[in-house]
Number of protein chains: 4
Amino acid sequence: MKEKIQELNARNERHVHQLSHLGEELEVKGVNVDRIIKDLSDFQVAVPSWALGAGGTRFGRFRIGGEPSNLEEKIHDVGIINDLTGTADAISLHIPWDIPDDPSATKQQAESLGLKFDAVNSNTFQDQPNQAHSYKFGSLCNENKSVRDQAIEHNSEVIDIGNALGSKAITVWLADGSSFPGQANFRRTLGHTADSLAQIYQRMPDDWSMFIEYKPYEPNFYHTVIQDWGTSFLLANETGDRAYTLVDLGHHLPNTNIENIVSTLIYQGKLGGFHFNDSKYGDDDLTVGSIKPYQLFLIFNELIYGMNNNVADNPALAWMIDASHNLKDPIEDLMQSLDAILVARAKALLIDQEKLKVAQLNQDVVECQQILQDAYRTDVRPLVAESRIKVGAALDPIHAYRSLEIRNNLIAKRGMDSSASGL
Amino acid sequence: MKEKIQELNARNERHVHQLSHLGEELEVKGVNVDRIIKDLSDFQVAVPSWALGAGGTRFGRFRIGGEPSNLEEKIHDVGIINDLTGTADAISLHIPWDIPDDPSATKQQAESLGLKFDAVNSNTFQDQPNQAHSYKFGSLCNENKSVRDQAIEHNSEVIDIGNALGSKAITVWLADGSSFPGQANFRRTLGHTADSLAQIYQRMPDDWSMFIEYKPYEPNFYHTVIQDWGTSFLLANETGDRAYTLVDLGHHLPNTNIENIVSTLIYQGKLGGFHFNDSKYGDDDLTVGSIKPYQLFLIFNELIYGMNNNVADNPALAWMIDASHNLKDPIEDLMQSLDAILVARAKALLIDQEKLKVAQLNQDVVECQQILQDAYRTDVRPLVAESRIKVGAALDPIHAYRSLEIRNNLIAKRGMDSSASGL
Amino acid sequence: MKEKIQELNARNERHVHQLSHLGEELEVKGVNVDRIIKDLSDFQVAVPSWALGAGGTRFGRFRIGGEPSNLEEKIHDVGIINDLTGTADAISLHIPWDIPDDPSATKQQAESLGLKFDAVNSNTFQDQPNQAHSYKFGSLCNENKSVRDQAIEHNSEVIDIGNALGSKAITVWLADGSSFPGQANFRRTLGHTADSLAQIYQRMPDDWSMFIEYKPYEPNFYHTVIQDWGTSFLLANETGDRAYTLVDLGHHLPNTNIENIVSTLIYQGKLGGFHFNDSKYGDDDLTVGSIKPYQLFLIFNELIYGMNNNVADNPALAWMIDASHNLKDPIEDLMQSLDAILVARAKALLIDQEKLKVAQLNQDVVECQQILQDAYRTDVRPLVAESRIKVGAALDPIHAYRSLEIRNNLIAKRGMDSSASGL
Amino acid sequence: MKEKIQELNARNERHVHQLSHLGEELEVKGVNVDRIIKDLSDFQVAVPSWALGAGGTRFGRFRIGGEPSNLEEKIHDVGIINDLTGTADAISLHIPWDIPDDPSATKQQAESLGLKFDAVNSNTFQDQPNQAHSYKFGSLCNENKSVRDQAIEHNSEVIDIGNALGSKAITVWLADGSSFPGQANFRRTLGHTADSLAQIYQRMPDDWSMFIEYKPYEPNFYHTVIQDWGTSFLLANETGDRAYTLVDLGHHLPNTNIENIVSTLIYQGKLGGFHFNDSKYGDDDLTVGSIKPYQLFLIFNELIYGMNNNVADNPALAWMIDASHNLKDPIEDLMQSLDAILVARAKALLIDQEKLKVAQLNQDVVECQQILQDAYRTDVRPLVAESRIKVGAALDPIHAYRSLEIRNNLIAKRGMDSSASGL
């Protein structure tokens, strides 16, 4: 594939011209263009193993053809994405949907495609066949100790699997909560959750981190135990030094200023990971940048500023796309997301932080806005394309994917009715 | 069962005492207690055929035992609910989940249980096996005429089935819309939808009504063709005199004043039906009255006032519970909903409309609030219980259901793993 | 006035009858009625000094007649409210709107009316005439040290005034934030705020507490420095043992589960105070209980449960009404709020906590809901009325206020055009 | 001033270079660049007379220096904006804040500055000194006929003033509604409003239009008579052919799909006008494009598509900026808004509608998104700048405004404490 990509990239006079023009423009402003391109080439986002098949809603699911039906095929598809974009060098495993039969073979397959294993994800929001206890009324928060123990044990196994694959972190997302007032005792469920997390933490290797996700609602519709960043932060502080908060863009109430949350968490040294997607209403899990691209830019501004001024010693952040592909070919959708992430990052890198600081200190609100908008309104696509070309990926990944008829090939191989495990 | 219910009702000294006390209190205020009890006894709400099994979310579904696995069993369960509550004398069929093999036998079964068939519901939001065209990109709104024709044909069949059962209305809920900016042309999709509805309208018998539902989002996450009451109202006006808007409590954006919408629709003669449920975040489909009971009371105030002053000639409203039973026994959940509906209705009936009008004309805001709160704070449960006793239903339906061990009997008969069609 | 109230209370046969009936009913359930009445009689809520005049919006303000135009008159009006309700034995001072010329005289006036001084409130969201530096771009968060110092100094003066009056706490509500992306550096503004709060904390007497309020937006429309409970909690932890979070019901994003926040803060020993009001959209500052009375009940459930199980040693909570009286007579509005608070508290006190715990441990969701609704649906007004009668306040405060023509008397004394300082 | 602007524009080598590069790029794609520049030059937005001074919130207002203190000065400031931007050739008058003493002189002053008078705005949300009846409880909806008559009379006077100045439309925004359940009878208030609007409509000259604004809340916090587009649309239909709905971007509930509303209104021939601003939470009245620039682009897409396919015969739309300038110099703020409007419009004009239609008909969701994002990600600033240069306005209006020290001159002339009428 790499060769075919090179062939497609070869016809790129227009890109060369655009890049040259943009380079001139940016240099006038004092921007180090090469550094930005390098930054974009280096930036990597993990793809979760459940993202390669068609997603659905409670109202149904519409298949696409050629879905991967096992872990090997999923890894293969991530490899395609990484070849085309150069931005997806890691896979984030979901257990028990994707348990490797032979971890070392799995690891080898991934390595052969240039892929690593990022944070592993446990699942205690669904019951599995032959499971002793149900998670219907919660897992780590459950009033019943046997259920909690089962969930802790599951997380422990997830850590073991991840360890065998080279992962260094576990992400805990809990659906735990209640759908009716009175159903749960808030304090006891929070207390149980804290205890359970502490036990899972004990099971982690010393160089592992734990990422604690929060979400205000769904699938529980009255109360979620870890409903907001404040609760996750509190739990991370109680759990240990290597426990961090994970921010998922779609897990906020309407109108939340997410960038402010990101800034605060970095300031406190407690931001561990980030799940990308986009949404208009709730946890819609849409393609990154498809609804609120300016918000994404503002968040990247905080991420870049924060990590460049990382006095509180946050770890390198774990980035992942967490979207649901209900209507689009998942591979195309993921590539649109990766592209939107680089576009937002590139624009945020263009913000003149020195000038901004001066304007802020002068309380020149108009100028502050001008500085942000100057960066945002710049057409950075030549930088993004160049960052891909530089590492042998496709100038235009969607175009390459379609030219190479990859989906058709997958359908030919896997059929129209294959089905990926996941939501 | 009726006899067992009578036995349980027999031990009701406390109820008699409570009713007598409340009756005295209300008579002092000039309330005609008997008329209220009669109104509550007469009030009937339909139960949809998909509501008798465990509901779920996109994250999973947890079975309860003894779920009905065919239409006959579903009707049987509605019969139980109606026996216990006296408030559920109708079933609302969902096609194709619940197609009767032999409509006349089905009708007979229902009649033997004292049940009628209320509005029928079509389904063009899911694909069925062997369906020629997919609804992935919409049904009545689809850019492809073949898809629209298939969806119109389906609605036509639903009407035929309903007709055979004695239904007099079809409810059209469309998932149609788009998840990404640009995906759909708003105007064309709306135009197609109007055309399709007009064709379905033509297929209806002369004494039938059409109810057009609206919803802002889910399962589409950017745009819904019929996103709000205004769009439904516009379509109902275009479609015909017997086309009406249907309000589902959970289908509104955050903070919407729903009671104002109800009032406007009745004022315009275009309110046709009502779906009860409750929600905190979105279309959560929780038990009626479990989250915002005061809002429910305010809505009932508009419904009662509106229909008592029905100058615009709205039809008798079609009432239905549209909830999802993810955590509770569906029969218990539905009975809690029916109870909450009667409680809200009883309180709304207590509002002293004459006094309220005077206070409104005097712009005495404090007094207006006192009048509403006086009605709302009254404990109307004795009236609700009496309205059930009067028609041979249970004083306390949940208690009776548990005493009679009905769920255990259903499990014994149907097993733990039976599964109802539906979401 | 006390005598006139007794005269009005004398004609209360109906109340006696209602109370007796309710008492019987509750005793059957094992409720200690006298203890509940005692609890309600003891429960006290502070009235802020800015609440006695007409409030407004940015679009305008409509005067009522007889508004108090100085602190003495404001205290007088709180005295009326306390006489009538028996629930408002404290006043919460806002500086600089209500600086006492002679603190000891002010204290004496208050004592003569049976009033104390609750938490004092500083104001750094408005500029005062002749102020050296403007708060246009923030106060405690300002990039300019001179502005911060001025704001710290102001808070220090507020503490001194409060100290002279017997207050034991200062409430800090900050409008600080920004209205445009880029305007403020989130981290620096948060850092400055933490430093400023630490300095104010140093100026407090040893037996004082600091309450840190949060709010997501308004008057800044992009970012608020203390945007949520998580940020306030973080600051309270950094500031000191006697720094606490203050929850204002109206200061949350749409659909927030506030009762969960209350529970978490008590669990962590960091809930300090509570501002009552109600809202449908934003910080609407409506009469308590006028929009979401069930939510208020659920919050009281957490408050009561939390303080009865106060393992984390929260201080006695500071309760205050923080509403805006745009359309109603403020005195009547405040009395409706106080009444709604007692109604909610009484209902929450009726929750059978033991039974609820059993149902929760059994994961009997239906029963949990039944228990809460049983308490909520009870008509507790006889208990509330009795709690007032017991302490010599009015059985029906609004009725007494109108019978005694108090507003007319105030207008006669103060005229139609008097104006209270405040918003 | 025109000359000074030309001088500043003269040094524009970089612009020429950028424009030339962009022109080449766009021509490759088949874009008619000149036509777009012409469209942008022609596009005009009205500035309201209340927008030239500092705005405020209910918590206060911070003055800027040199605010205009009478209508003449306001018109003068609009002239400055129009000179600098070439996009603001009209002023929208607010009565009674800005009643011209001598309409013909006012008209002459405006004409001399190249300004027209756009839609006039009535104000029945505030009481004016010596007004016979108060609008505290509503104006056109008031239960009291005398109040309604007064409000109708006021609107009639506004029409007369507008007529004398050459306006051709009146915008009616009503604060009418209620803040508490029960306060208002929804149906009666809506009925009164319909009657009142009909009477105002009768007073309009035959070539005038009426624009009916809607808003969900604020300053009333429970119910607004015209709460949404559906209600406005219904009223516009009842009122007459020349009555239209006016959309204000900030007047929607959280997450509303506004572009869908715009599309529907144009489809129905009932969109009359548009108020630009931006918001994150409610009616925040922030600078256009400062929070959700992508939404603005999507709305412009509907506006352009709709008016290019105007089968339902909508009138030429009345465009106005309706923002509040709490923190920025109003002139700079308005110029940032005008710039953001042109940027959004230019990007929307770049959408390849033919290609988009093909992709939509093919249900190629990925391609649809690519087409929109291709247009949106283009840096259109050279086109916008050129459209200004072409008409003699400033290449960079903010820069020109600051270079020419216009604010300082205004302060020198008007002082620091001048104050504009308005909110």
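**View 1. Strands E11 (residues 243-248) and E12 (residues 271-276) of chain A pair in the parallel sense over 4 bridges.** The chain passes from E11(A) through helix H9 (residues 258-267) of chain A to E12(A) in a right-handed β-α-β crossover. Within this pairing, A:Leu246 has A:Gly273 of E12(A) as its bridge partner. The model is predicted: local features need pLDDT of at least 70, side-chain atom pairs count only at pLDDT 80 or more, and totals for chains, interfaces and linings use all residues. Residues are numbered from 1 along each chain as its sequence is written, and chains are lettered from A and ligands numbered from 1 in the order in which they are written. Strands (E, at least two residues) and helices (H or I, at least four) are DSSP runs numbered from the N terminus; pairing requires at least two DSSP bridges between two strands.

**View 2. E12(A) also pairs in the parallel sense with strand E13 (residues 318-321) of chain A, over 4 bridges.** A:Phe276 stands opposite A:Ile321 in E13(A).

**View 3. Chain A superposes on chain D by a rotation of 180° with 0.0 Å of shift along its axis (RMSD 0.0 Å).** This is the relation of a two-fold axis. The C-alpha of A:Asp379 is the nearest to the axis in chain A, at 2.5 Å. Superposition is by least squares on C-alpha atoms of residues with pLDDT of at least 70 in both copies.

Definitions and conventions. A crossover is right-handed if, with the strands pointing away from the viewer, the path from the first strand over the helix to the second runs clockwise.
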